[in-house]
Amino acid sequence: MDYVYDILINLNSSKTYEFYEWRDSDNLYHIRKAPLIKVSDKQFLDIKYNNILISKNILEKIKKKTEVYQDLNVYYINYLCVFACDLDIIVVEFNKDGYSINKSNMLLEEADDTLYETSELDCEVIEYTIIKKDYIYDVDNTRHENEIKKYINKEINKAIKFCEYNKLKYLYYEWFNKKNDDINTIIKDMKKIFNTDYSAKHESLAKVIKLSNTSI
């Protein structure tokens, strides 16, 4: 079996972040050694963009092969594998039944080094079943933008729940630049903000919400 050595990964189930969006508070792991499988472009895209169930023989093949540095010790991640094709790499963790549960990109330099090292490897055909499309990839918004939109959505829903109608009218005016006293229309329109393409208006509205919360 082939391996990749000395890499940093950021395992997540809800969102696979690009390396430049990583934070110290994330689930960062310093991998000493991890199994590596090179696959075709088609299989790679299936693995990267879907929740999958891998075959038992692959699961056994990678079992406890991933070593992680922790302080001065080394421990194992039960089922983890680095998958590569000619142009890209993804790290996937599986549960004991073979279902993909977490994924991670790699640091740019480490990814480039690994791709160079795997360029001469033959592709392996692996068995898996696609369970469903994986929505942890959001190519439209950055991590910061997603957090701003979620914050606005949460605050709007909270204002609706607690019947804070004056606050909703105020936020409506800030977003649409016009007054409206029809609370049903306000609620309907404000709920659409989350699905609106990100812009500077989201940033401004989030600041207004934070100011309004601190002034209460």
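Of the 216 residues of the protein chain, 44% are buried, where buried means under 20% relative accessible area with a 1.4 Å probe and protein chains only as cover, exposed means over 50%, and partly exposed lies in between. The model is predicted, so local features require pLDDT of at least 70 and side-chain atom pairs pLDDT 80 or more, while totals for chains, interfaces and linings use all residues. Residues are numbered from 1 along each chain as its sequence is written, and side-chain values use heavy atoms, without hydrogens and water.

The secondary structure comprises seven helices and eight strands; helices (H or I, at least four residues) and strands (E, at least two) are DSSP runs numbered from the N terminus. Along the principal axes, the C-alpha atoms fill a box of roughly 65 × 40 × 30 Å.

Strand β6 (residues 89-94) is mostly covered, with six of its six residues buried. On one side these are I89, V91 and E93, and on the other I90, V92 and F94. Strand β5 (residues 73-84) runs antiparallel to β6 and is joined to it by five bridges; two strands count as paired if DSSP finds at least two bridges between them. A hairpin of four residues connects β5 to β6. Strand β7 (residues 100-104) also pairs with β6 in the antiparallel sense, over four bridges. E93 of β6 is the bridge partner of L80 and stands opposite N102 in β7. The hairpin of β6 and β7 has five residues between the strands, and G98 takes a positive phi near 100° there.

Helix α3 (residues 108-118) contains L108, which is partly exposed, with a relative accessible area of 47%.
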